[in-house]
Each structure stands twice: as C-alpha cells, then as structure tokens.
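Hi everyone, thanks for making the time.

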Amino acid sequence: METGTKKFVVAVVNSNTLKLERGFLVFGKSEAPRITQKYIMNIPATDEAVRRKIAIRNPYGLPKTFRITTSHPEIVKITDQLMSVPPMGKLPCEMFFVRNSHHHQNIETLLYISDAETYVQEEAYSLTLDFEAS
C-alpha cells in the first residue's frame, strides 16, 4: 500500500458550451493501517476451502458493530462482514481461504476492522497465509 499525500485538480466543464464552470483542488492523504494483531495461518494442500476463526475484540465500554473487510477478497472470504461485539468483549470471525494454483508461497493479507456506521477504520489484523505445497 502506498502512503502519503496527493493533490488533484478537478475541472467541471459544461458539456454543451465546453466552458470551464468550476475548478477544484482536492487533497488526499493515505496512511498505513494500524496493525494491532498478527496471525500466521497454515493452509493445507486441498481443493476445498479451508475454514478458520479469529477473535474480533471490542476495546470500548459500549457495544460496537464492526465491518470486517480484507485486502485480498479473492482469497479470504469473510462469512459475516458485520459483527456486533459486546462492550469489552470478543466474538469469533469465521473466514474461508480459497486456494488457487498460483498460491505456492506465503501471502500477507490484512483484515480491516472498521466502524460499521462511519466506515472509519479502527484497526487492522495482519494474516500471513502459509500455503502448503501440493
């Protein structure tokens, strides 16, 4: 993931007159995710999807609903992307790993834990997938 700041010029042009209506200077900032947990998961050589669970924690004193997404959705399938976790509690997040013939090595993927209402990322978990040789 590339981090840093970028600026873009956006021009709004009237399609009938081809005249510039407005111009905007847009700034964007990207930061590396805050990784709070790291896991290494062994994925056996099989043609079937492999199921694993990890705990999603709520460090807050209030109930919280999180949206769980991944940086590699073609490999990691989250069973339930919305999880309501009790205050100071944890719940298991079930996921499936889909083996592909191209996966002969370790792959690092991230699980993004975001606030379900605001989509603000709270934290990220690093998963190193260790694919066994077939």
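**Starting from one threonine**

Let's begin with Thr-36, which you'll find in strand 3. Before we go further, please keep in mind that this is a predicted model.

Is Thr-36 buried, exposed or partly exposed? With a relative accessible area of 30%, Thr-36 is partly exposed, because a residue counts as buried under 20% and as exposed over 50%.

And what does Thr-36 touch? Setting aside residues within four places in sequence, Thr-36 is in contact with Glu-123, Ala-124 and Tyr-125. With Glu-123, the side chains are joined by a polar contact of 2.5 Å.

Searching the whole structure turns up one aromatic pair. Its members are Tyr-39 and Tyr-125, with ring centres 6.1 Å apart and planes at 55°, so the pair is tilted. Tyr-39 belongs to strand 3 and Tyr-125 to strand 10, residues 121-131, so the pair ties together parts that are 86 residues apart in sequence. Both Tyr-39 and Tyr-125 are buried.

Five strands form an open sheet in the order 3-10-9-5-7, and the pairing is mixed. From one strand to the next, the twist averages 25°.

As a reminder, strands of a sheet pair through backbone hydrogen bonds, either parallel or antiparallel. Here, strand 5 (residues 64-70) pairs with strand 9 (residues 106-115) in the antiparallel sense, over five bridges. If you'd like to find one on screen, look for Thr-69, whose bridge partner in strand 9 is Tyr-112.

Lys-64 lies over the face of Tyr-60, 4.9 Å from the ring centre. Then there is Glu-94, in strand 8 (residues 90-97). The Glu-94 side chain makes a polar contact of 2.7 Å with the side chain of Arg-51. Beyond four places in sequence, residues touching Glu-94 include Arg-52, Lys-53 and Lys-77.

That's the tour, and I'm happy to take questions.

Definitions and conventions
Residues numbered from 1 in each chain as written. Predicted model: local features only at pLDDT ≥ 70, side-chain atom pairs only at ≥ 80, totals over all residues. Heavy atoms only, no water. Pairing = 2+ DSSP bridges. Helix = DSSP H or I, 4+ residues; strand = E, 2+ residues; numbered from the N terminus. Axes fitted to C-alpha atoms, helices over the stretch in contact; angles between N-to-C directions. Phe/Tyr/Trp six-rings, centres within 6.5 Å; stacked < 30°, edge-to-face > 60°. Buried < 20%, exposed > 50% of the residue type's maximum accessible area, 1.4 Å probe, protein only. Lys NZ or Arg CZ within 6 Å of the ring centre and 35° of its normal. Polar contact = N/O pair within 3.5 Å; in protein donor to acceptor, adjacent residues only side chain to side chain. Contact = heavy atoms within 4.5 Å.
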